[in-house]
Amino acid sequence: MSQTLKAVRGTRDLLPPETALWNRIEATARAVFARYNFGEIRTPIFEDTSLFARGVGEETDIVSKEMYTWEDRARAQSEKAQSLTLRPENTAGVVRAYIEHKLGETGQLQKLYYIGPQFRRERPQKGRYRQFFQIGAEVIGPPSSGSESPLRDAEVLEMLATLLDELGITGWTLELNSVGSAADRARYNETLRAALAPVVGQMCEDCQRRAVTNPLRVLDCKVPEDQPIIEKLPVIADSLDQESKDHFAAVLTALDAGGVTYKRNPRLVRGLDYYTRTTFEFTHGGLGAQNALLGGGRYDGLSEAIGGPKAPGIGFAMGEDRLVLTLQALDQKAAPPQVDAYVAPLGETVNPAALALARELRRAGLRIELGDGSFRLKKSFEAADNVARRIVILGEDEVQSGILTVKDFSTGVQSKVPRAELVSFLKQ
Ligand code: AMP
């Protein structure tokens, strides 16, 4: 016997009724983004590998060990073999598109959102998958469009708080930090390198490597034994220049005015190299170990890092899988939707008439399940009772007379309804 095939490790099938919850989350996100005047962008699911190497950073966990990369063979003389990668995140793709379509030349601030799958070869566990979905947004533009303003940061954070509220996700925490400018970070990296030198020998292997290649990444370490050492390291706030300090202070002032509560976390540096200044994460206690609902920050140098014009920006990505888990933990399970009526043909000769009737009702906006004339009446009733509020019986007599029999399962009442009145009857 051949082996049964299953979804690949770290990937999953999403089935109804749970997909109704996914759809509700996406519809709410689209509605909130529209009120803040964002438009949707859809970028390809795979990109040239160098986009992520240059955009996300060679030394990040994502690029160094989690990407799905392959060599795409040339199919014709005119094509070149190319290294391609399934996108592990969407910001680099959006910024590539911003550059490619010269969106900066409009002079306008670009406000773009996306919803889609991302791919990382991580160790799968609850809330962590190899194919997962992100809902994200980016605000990017030339400096003259106001893209560097701390008001943009505060507005994005306020929008996130509104979106989580409208989704019904209560009890989240916003953690906030500033990682400063590229120069501030270079300075901080040197400070860290010096502070790590005498202690790094006692840390995990990853930290020993990071201490040399990218000391900032040490702050991302989750190994419990390393935490006491990490807590004593100097904080980045002391390495910020005046401009970065002023920018961060302005973000906090606007958040206070907007009524958005936050917690400052001086060790929040996040796992992607492109961040500058404001970085943030929303966490939720209901999620367990993988407690980050979403993360984001400012990336003033990203466009230039991948060959584009100066285009400061700020954005975020929400883990949609984790929004679903959180809502389920808050007991917002998706109930299967109620079908308005089950159309039950009596006898196979009535099947065509039943299709015509179902079509009429569906076009009138009703949710209809269509049975089959080969079913005995008892079987039709059982099938209908499982999914629908009512059953509409259609036999030869009903086709001839134009009077249909409708039974309501909740009241047990059976009625005779003329076909012309059926839509309004079922809509009651
Ligand atoms: P990042 O792009 O790493 O900043 O992640 C942003 C958000 O995406 C996180 O806060 C998570 O909610 C979600 N996320 C990241 N990686 C995964 C994953 N492997 N599985 C599920 N969700 C993820």
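Which residues are closest to the ligand, and how many surround it? Select the ligand and its shell: 16 residues surround it, and the closest are Arg120, Glu122, Tyr129, Arg270 and Ala292.

Before moving on, note the ground rules. This is a predicted model, in which local features need pLDDT of at least 70, side-chain atom pairs count only at pLDDT 80 or more, and totals for chains, interfaces and linings use all residues. Residues are numbered from 1 along each chain as its sequence is written, and side-chain values use heavy atoms, with hydrogens and water left out.

**Stop 1**

Select glutamate 122. One of its polar side-chain atoms lies 2.6 Å from a nitrogen atom of the ligand. Next, pick leucine 293, where a backbone N or O atom lies 3.1 Å from a ligand oxygen atom. Then go to glycine 319: a polar backbone atom there is 3.3 Å from an oxygen atom of the ligand. Taken alone, the ligand exposes 480 Å², and the protein buries 91% of that. These areas come from the Shrake-Rupley method with a 1.4 Å probe.

**Stop 2: the strands around the ligand**

Colour strands S6 (131-140), S10 (292-298) and S11 (313-319). Each supplies at least two residues of the shell around the ligand. S10 gives the most, with four residues. Strands are DSSP runs of E, at least two residues long, and helices are runs of H or I, at least four long, numbered from the N terminus.

**Stop 3: the second largest pocket**

Now show the second largest pocket, with a volume of about 160 Å³. Of its 13 lining residues, the closest to its centre are Asp273, Tyr274, Tyr275, Thr276 and Gly301. Helices H2 (49-55), H6 (182-196) and H10 (302-305) each give two or more residues to the lining. On a 1 Å grid over the protein atoms alone, a pocket is an open set of points where a 1.4 Å probe fits, with protein on both sides within 12 Å along at least five of seven lines; lining residues have an atom within 4 Å of a point. The volume is the space filled by probe spheres set on the points, which are joined across faces, edges and corners.

**Stop 4: two backbone details**

Zoom in on proline 16 and proline 17. The peptide bond from the former to the latter is cis, with omega near 5 degrees. Proline 17 is in the segment before helix H1 (18-35). Finish at asparagine 37, in the loop between H1 and strand S1 (39-40). Asparagine 37 is not a glycine, yet has a positive phi of about 65 degrees. Most residues other than glycine have a negative phi, and most peptide bonds are trans.

Note on methods. Near = heavy atom within 4 Å. Polar contact = N/O pair within 3.5 Å; in protein donor to acceptor, adjacent residues only side chain to side chain.
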